[in-house]
Amino acid sequence: MRKQTLIITAALAAMCFGQTGAQVSLDSCRSMALRNNKEMRQARIRVEAAGYQRKEAKAAYLPSFDFEASYVYNQKQLSLVDEDQLLPTKTFNPQTGTYDFNLLKDATGQPVVVNGHVVPSTVALLPKSALTYNVHNVFAGAITVTQPIYMGGKIKAMNEITRYAEELARIACDSKAQDVVLSVDEAYWQVVSLKAKQKLAKSYVELVESFDSDVRKLIAEGVATKASKLTVDVRLNEANVALTKVENGLALSRMRLAQLCGQPVTSAFTLADEDRDTWECQPTPAGGGMADVYARRPEVRSLELAGKIYDQKARVARSQMLPTVAAVGAYHVMNPNSYNGFENKFGFAFSVGAMVKIPLWHWGGLSSKVKAAECEARLKQVELDDAKEKIELQVQQATYRSQEAQKTLEMTRSNMKKAEENLRVAQLAYKEGMGTTDDVLTAQTAWVQANSERIDAEIDVQLCNVYLSKVLGTMKY
């Protein structure tokens with residue numbers, strides 16, 4: 001349901017982007033960025049991949065079935081002898097109760113010896129053809145099944161690792177979402193700020209033009225000098241240049257916001273907050289103690305999971321020092337086969353058994369691997385402690401910065417009222433002949449600066465609160 005809502009919101013916001021003058025809210029910009037951001041897509045793909053890895057590790061508990069087949073062509077036949085064989089024979093001797101070789105004997109009854117070898121009187125012929133086999137085409141195939149029985153705890157540890165890795169990928173995705181939201185908020189409020197400064201710059205140009213018209217009239221009456229007119233002209237040119245810079249900056253800022261939202265940079269749109277004169281911001285709640293902050297921060301949870309992953313990796317390394325037991329079975333086929341003599345036809349058979357592997361001596365390599373994994377786990381714990389200290393400092397800095405931004409806003413609002421009054425007095429004094437052109441121009445400059453600082457302070461309050469919510473882990477998006 002949450003995913004469907006996000007898709008619908010992004011679609012509506014995209015329609016708004018495509019319409020000139022359409023109002024786009026901050027939430028719509030966030031939704032589009034989360035939907036279209038390339039880094040967010042990468043993070044979601046990593047979550048999906050981690051889920052498949054977890055399923056892969058879970059499948060290791062179950063038996064695996066495999067099929068293998070092979071074919072080999074041999075150029076020559078297989079022969080166990082190089083020529084026909086003549087084998088000596090034996091005859092049973094009743095006197096000794098044993099079998100004696102049938103040997104050729106001379107007149108004295110002694111065996112005939114030729115070239116140092118006795119000569120048999122009878123032989124058995126073993127032809128070469130009987131020991132020659134046709135192995136030109138050899139086929140083999142097997143269906144095997146393997147069931148792990150005891151792997152030293154490796155399978156369970158790998159399942160824990162993949163489970164933690166999937167959760168780690170989800171946390172990384174949430175962390176990336178917060179970074180995207182922060183970037184969108186900065187771009188959004190920059191557009192709003194420049195839009196307000198564009199209005200201010202236009203007001204300043206109109207103010208200087210109005211003063212220029214008054215100076216012209218006073219020159220015609222002989223009250224003011226041409227030097228005063230030149231001073232006003234210079235200030236008017238400066239005001240127009242400042243207006244041009246603001247307009248160019250506003251156009252570029254709109255492009256950057258559109259790019260972050262995954263929209264064409266030429267999209268024409270109007271932000272919901274850019275036509276306002278002031279922007280109220282609700283202060284970010286404290287968010288509880290540091291323990292609550294640690295529980296919400298993705299960095300802390302990521303390091304905790306990383307520590308658990310390395311603990312499980314140490315178990316995987318330790319499992320290599322333990323015996324492993326697996327049951328195996330196979331149903332295989334061969335052609336030619338030797339199940340009933342040597343036959344050039346398919347023969348089928350099955351076999352079952354068990355495999356046991358017991359590590360004996362590896363010169364300390366396996367134990368060193370376990371200790372290395374344990375060191376990695378301790379390292380993650382140290383990194384976690386360091387991260388908590390930095391997060392506590394980060395929270396304090398963000399809190400002070402938010403408080404400072406609020407005080408700055410109050411002072412800039414007060415300064416703006418004083419600048420408005422100062423400008424009113426300077427203009428009145430100039431009309432009454434009690435002030436100079438420089439006095440009015442100085443008051444106008446102070447008025448513009450006070451308004452610009454007030455705009456910056458209001459935008460800074462918005463950004464400080466967004467950043468504080470991210471630091472506290474309470475950012476909602």
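At 22% relative accessibility, E343 counts as partly exposed, a class that lies between buried (under 20% relative accessible area) and exposed (over 50%), with a 1.4 Å probe and protein chains only. The side chain of E343 meets that of K345 in a salt bridge of 3.8 Å, N to O, where a salt bridge is a side-chain nitrogen of Lys or Arg within 4 Å of a carboxyl oxygen of Asp or Glu. K345 is likewise partly exposed, at 46%. The model is predicted, so that local features need pLDDT of at least 70 and side-chain atom pairs count only at pLDDT 80 or more, whereas totals for chains, interfaces and linings use all residues. Residues are numbered from 1 along each chain as its sequence is written, and side-chain values use heavy atoms, with hydrogens and water left out.

In total, 23 salt bridges are present in the structure. Side chains of opposite charge can pair when their charged atoms come close. Within helix α4, R163 and E160 lie three residues apart, about one turn of the helix; helices are DSSP runs of H or I with at least four residues, strands are runs of E with at least two, and both are numbered from the N terminus. The side chains of R163 and E160 form a salt bridge of 2.7 Å, N to O, and R163 is partly exposed at 38%. A further salt bridge joins D179 to K470, with the closest N and O atoms 3.4 Å apart. Because D179 belongs to α4 and K470 to helix α9 (residues 437–472), this pair ties together parts that are 291 residues apart in sequence. D179 is partly exposed at 30%, while K470 is buried at 15%. R54, E166 and R170 are linked in a salt-bridge network.

Helices α3 (residues 38–58) and α4 (residues 154–220) pack at an angle of about 170°, their axes being 8 Å apart. Axes are lines fitted to C-alpha atoms, for helices over the stretch in contact, and angles run from 0 to 180 degrees between N-to-C directions. The two helices, α3 and α4, are therefore roughly antiparallel, the term for angles over 145 degrees. The contact of α3 with α4 has 12 nonpolar, four polar and nine charged residues.

A nonpolar surface patch, with about 1,200 Å² of accessible area together, includes F67, F139, Y331 and F348. Strands β2 (64–73), β11 (137–150) and β14 (347–357) each supply at least two of the patch residues. Y331 is found in strand β13 (residues 324–335) and is partly exposed at 45%.

Methods:
Parallel < 35°, antiparallel > 145°, perpendicular 65-115°, else oblique. Nonpolar A, V, L, I, M, F, W, Y, C, P; charged D, E, K, R; others polar. Patch = residues over 30% accessible without salt bridge, like charges linked within 9 Å, V, L, I, M, F, W, Y side chains within 5 Å. Areas by Shrake-Rupley, 256 points an atom, 1.4 Å probe, with all protein chains shown as cover.
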